[in-house]
Amino acid sequence: MKLAYLGVLAFILLATGWLEIVLRTRVYRRWKRLLITIAVPVVVFVIWDLYAISAGHWGFDSDTTTGIVLPGNLPIEELLFFIVIPIASVLSLEAVRSVKSWPVGDETTHAAGESR
Amino acid sequence: MTYTQLAVIGVVVVVLIDLFVARTRLVTRRAFWVPYAIIVFFQLVTNGVLTGFAIVTYNGDVIIGESTPVDGPPPFIGEGRLAFAPVEDLLFGFALVLLSLVTWVWLGRRGIQRTPLAGPPIWRRDPEHAKPETASGSRVPGA
């Protein structure tokens with residue numbers, strides 16, 4: 001049961017990972033773009049999480065988490081959560097795009113002047 | 001601040017980033033809302049596990065609902081909860097998903113691994129757009 005939270009995260013990776021092959025989402029293949037993408041929500045939401053933990057908004061059950069805790073009492077599962085969810089989100093976006101071909105906004109490269 | 005307040009602020013800030021800072025305008029596109037609908041269903045399932053089994057517990061002072069009980073699961077629905085989770089988690093999740101997708105699309109617009117584009121599904125024949133895209137329009141550096 002120590003692995004319960006990790007198990008949920010593994011499920012999310014498995015439940016979205018097949019999209020890379022079957023729908024050819026090419027998200028993991030664009031790993032540099034994916035890594036930068038992950039970095040932004042990780043920073044923002046880890047800060048939020050650290051505040052919430054210190055303010056007592058939420059807590060974590062020691063029986064169903066590994067007990068590996070990062071500075072600020074942040075369970076390692078929480079950090080992994082903010083990595084796994086962006087990956088799953090991007091895979092979902094690109095999976096729908098693969099099937100429907102709806103415009104997402106990055107179909108063409110926008111010049112710097114236009115994008116700001 | 002309470003979780004309720006922070007969650008509302010989080011959604012507003014990320015939507016403003018989408019519309020006016022990154023200008024990705026994902027909230028105006030069905031290419032965002034349809035994947036989000038799929039994501040939110042799985043959020044209710046997976047977050048239902050995390051909250052229903054009290055892997056993550058909440059303080060009733062900072063949410064609409066009550067604290068996660070010590071002796072059993074919180075309400076499945078009602079009393080500020082949906083699928084065991086505080087309704088605030090829907091806002092938190094929306095902000096997290098939207099910020100992730102805004103970043104992904106913004107990077108693509110700047111020419112960072114814009115291609116190879118997604119698709120087609122393996123059951124479709126080689127498309128008209130896959131080959132030319134990878135050959136030509138792969139890299140235009142943003143300034």
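Trainee: What makes the strands 2-3-4 of chain B an open sheet, and how are they paired?
Mentor: The three strands lie in the order 2-3-4, with antiparallel pairing. Strand 2 (77-78) and strand 4 (85-86) of chain B are at the edges with a single partner strand each, so one side of each has no neighbour in the sheet. This is a predicted model: local features need pLDDT of at least 70, side-chain atom pairs count only at pLDDT 80 or more, and totals for chains, interfaces and linings use all residues. Residues are numbered from 1 along each chain as its sequence is written, while chains are lettered from A and ligands numbered from 1 in the order in which they are written.

Trainee: How do you know that strand 2 of chain B joins strand 3 of chain B?
Mentor: Strands pair if DSSP finds at least two bridges between them. Strand 2 and strand 3 (residues 81-82) of chain B have two bridges, and they run antiparallel. In that pair, B:Gly78 stands opposite B:Arg81.

Trainee: What are the helices and strands of chain A, and in which pattern do they follow?
Mentor: Both are DSSP runs numbered from the N terminus: helices are H or I with at least four residues, strands are E with at least two. Chain A has four helices and three strands. Along the sequence the pattern is α-α-β-β-β-α-α.

Trainee: What makes a residue buried?
Mentor: It needs 20 or more other C-beta atoms within 10 Å of its own; 12 or fewer means exposed, in between is partly exposed, and C-beta atoms are placed from the backbone. In chain A, buried residues make up 40% of the 116.

Trainee: How do you know which residues of chain A and chain B are in contact?
Mentor: Their C-beta atoms, placed from the backbone, must lie within 7 Å. By that test, 50 residues of chain A are in contact with 48 residues of chain B. Helix 3 of chain A gives the most to that side, with eleven residues.

Trainee: What joins strand 1 of chain A to strand 1 of chain B?
Mentor: Three bridges do, and the strands run antiparallel. A:Gly59 has B:Thr57 as its bridge partner.

Key
Two residues are in contact if their C-beta atoms, placed from the backbone, lie within 7 Å.
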